[in-house]
Amino acid sequence: MELRRLLHVVLSFWLLLCIGCSDGRFVVEKNSLTVASPEKIKGTYDSAIGNFGIPQYGGSMAGTVVYPKDNQKGCKAFDEFGISFQSKPGSLPTFVLVDRGDCFFALKVWNVQKAGASAVLVADDIEEALITMDTPEEDSSSSKYIENITIPSALIQKSFGEALKKAISGADMVNVNLDWRESVPHPDDRVEYELWTNSNDECGVKCDMLMEFVKDFKGAAQILEKGGYTQFTPHYITWYCPQAFTISKQCKSQCINHGRYCAPDPEQDFSSGYEGKDVVIENLRQLCVFKVANESNKSWLWWDYVTDFQIRCPMKEKKYNKECADAVIKSLGLDSKKIENCMGDPNADADNPVLKEEQDAQVGKGSRGDVTILPTLVVNNRQYRGKLAKGAVLKAICSGFEETTEPAVCLSGDVETNECLDNNGGCWQDKAANLTACKDTFRGRVCECPLVDGLQFKGDGYSHCEASGPGRCNINNGGCWHKSQDGHTYTACVDTGDVKCQCPPGFRGDGINNCEDIDECKEKKACQCPECSCKDTWGSYECTCSGDLLYIRDHDTCISKSGTDVKSAWAAVWVILIGLAMASGGAYLVYKYRLR
């Protein structure tokens, strides 16, 4: 029994370390940290991105650095010391500097975040090359705060940390800028990214987090893939069994192809439940699902298969098997025979081309380090650092696009920085029409005059935006004066011509802020004939004539109604007389003709 336990420990340790047997290396992902003041330490320094929280990929953040008088390692809650880092309205965000040591990196950041800071800088306690601040081993206590960390963090070198402390102690204001804009390269208009994952759903907190991420991110991933904006590739980590143990029961239960491709036992118990080789076979199946789907130009079906398999075939319900997987494959319309051929024979004493390619891909190349941690996300050959959450990952992917080439999904609410919520981001806005030039993007807010119902506003976006072109009067009256009274609506907006705001007839003013009613009667602009009586109305006037007279507006005069009737009667008489004369003349001509 003791020998079996010892063998279990040795094999598990080997499976975790053997990836480093092939000249592997770990690359620390960095971002730029620029000190703007004081002058004596002004410059740009390297900092290592923490592997938790949410780095502002594609953007930057300016702030003021503070170093607490108490709890300088940040291992305890700051409210125990009466310390708050909450920024005052109108001030720069607060970056807190803490020292390395005595507790997990993630716990330091969590305590600082709870105290109201916007970012954390951890000063190393020894002079060494920068390392990545990783999350602690999974346990119930740490998982509660790790998943709730939302602020960015970075590790800085000891000498730089000492320089910051010296400046702060000297009463200098230390202003710095954290810049993630070049953390992800953007060589072209397509982003290539890969996710190193696992089909095992019984590995604790990280497996649960990974499954939730895949479900949440599926929609955005499929939009990006279908639009041709990204090229996604899934990967699965496998290990090999040491030659000395290939015929052991433990190796046979965790490996396929005679110890060439292995995965740890899901329950860490060789005597019960699922075995490591079950995980390897399902990982292989998911790789082949992707290959077959990709060959039919439907690579995004991998996301459907993985999420459906997680829901329909969980280990807890004893459905993690080939029969359940085949049902999912059939429901998605994939070719099961092609997938079986791709998987090959797991019992063969030979290399599996698909899994051999995965083992080769685990070794770092170029700017990317070895893949040793699950899950791992790589964007444009740079390893992603931070919380595996939809918004954070989408922001990292979007930062891989050249500016102005990013797809619409990159401007969605999932990646907004919400800078427009504070004073409208300093951009133009029309509160009456509920219009704004402020637009939140993953790179931060931009001030661009809006497009509303097909009508483009023009201006600088900061202090001025103006509707231009036909239809401008339909949107808040084109910014011109307007008023409704007595059932009539009056507007100074003019859709055509050079004049955009002009008071309508009967009004005077600038057409923008005001148009005042003209009193035509008082100013003697109408109804001025001797017989006229004038009464001013809103936007017009009423004119009546004394006696039996009728007012003619066009001529501003009064005429007699009876005179009009007499003239009409005389006209009728003349018509009759002329008619009789013409008839008499005609009769005379006929008579003369007949007499001849």
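Strand E12 (residues 376-379) and strand E13 pair in the antiparallel sense over 2 bridges; two strands are taken to pair if DSSP finds at least two bridges between them. Helices (H or I, at least four residues) and strands (E, at least two) are DSSP runs, numbered from the N terminus. Val379 has Arg382 of E13 as its bridge partner. The model is predicted, so that local features need pLDDT of at least 70 and side-chain atom pairs count only at pLDDT 80 or more, whereas totals for chains, interfaces and linings use all residues. Residues are numbered from 1 along each chain as its sequence is written, and side-chain values use heavy atoms, with hydrogens and water left out.

E12 and E13 belong to an open sheet of 4 strands with mixed pairing, in the order E9-E8-E12-E13. The edge strands of this sheet are E9 and E13 (382-383), each of which pairs on one side only. Strand E8 (residues 191-197) is joined to E9 in the parallel sense over 7 bridges, and Trp196 stands opposite His235 in E9. E8, helix H5 and E9 make a right-handed β-α-β unit; a crossover is right-handed if, with the strands pointing away from the viewer, the path from the first strand over the helix to the second runs clockwise. Strand E9 (residues 230-236) has 5 of its 7 residues buried and is therefore largely enclosed by the rest of the structure. Buried means under 20% relative accessible area, exposed over 50%, and partly exposed in between (1.4 Å probe, protein chains only).

Two further elements were examined. A second open sheet comprises 3 strands in the order E18-E19-E20, with antiparallel pairing. Strands E18 (451-452) and E20 (465-467) stand at its edges with a single partner strand each, so one side of each is left without a neighbour in the sheet. Strand E19 (residues 455-459) pairs with E20 in the antiparallel sense over 3 bridges, and the bridge partner of Lys458 in E20 is Glu466. Helix H2 (residues 105-114) is mostly covered, with 8 of its 10 residues buried. The buried residues of H2 are Phe105, Ala106, Lys108, Val109, Trp110, Asn111, Val112 and Gln113. H2 is followed by Gly116, which has a positive phi near 100°.

Grid points are joined across faces, edges and corners, and a volume is the space filled by probe spheres set on the points. The count comes to 2 cavities of 30 Å³ or more, and about 110 Å³ of space lies in the largest cavity. The largest cavity is lined by 15 residues, of which Asn198, Ser199, Met211, Gln286 and Gln310 lie nearest its centre. The elements that give two or more residues to this lining are helix H5 (205-226) and helix H8 (301-312). H8 contributes the largest share, 4 residues. By class, the lining has 8 nonpolar, 6 polar and 1 charged residues, where Ala, Val, Leu, Ile, Met, Phe, Trp, Tyr, Cys and Pro count as nonpolar, Asp, Glu, Lys and Arg as charged, and the others, Gly among them, as polar.

For the protein chain as a whole, 13 helices and 28 strands were assigned. Of its 596 residues, 45% count as buried.

Terms used
1 Å grid on protein atoms, 1.4 Å probe; cavity = no way out; pocket = protein on both sides within 12 Å on 5 of 7 lines; lining within 4 Å.
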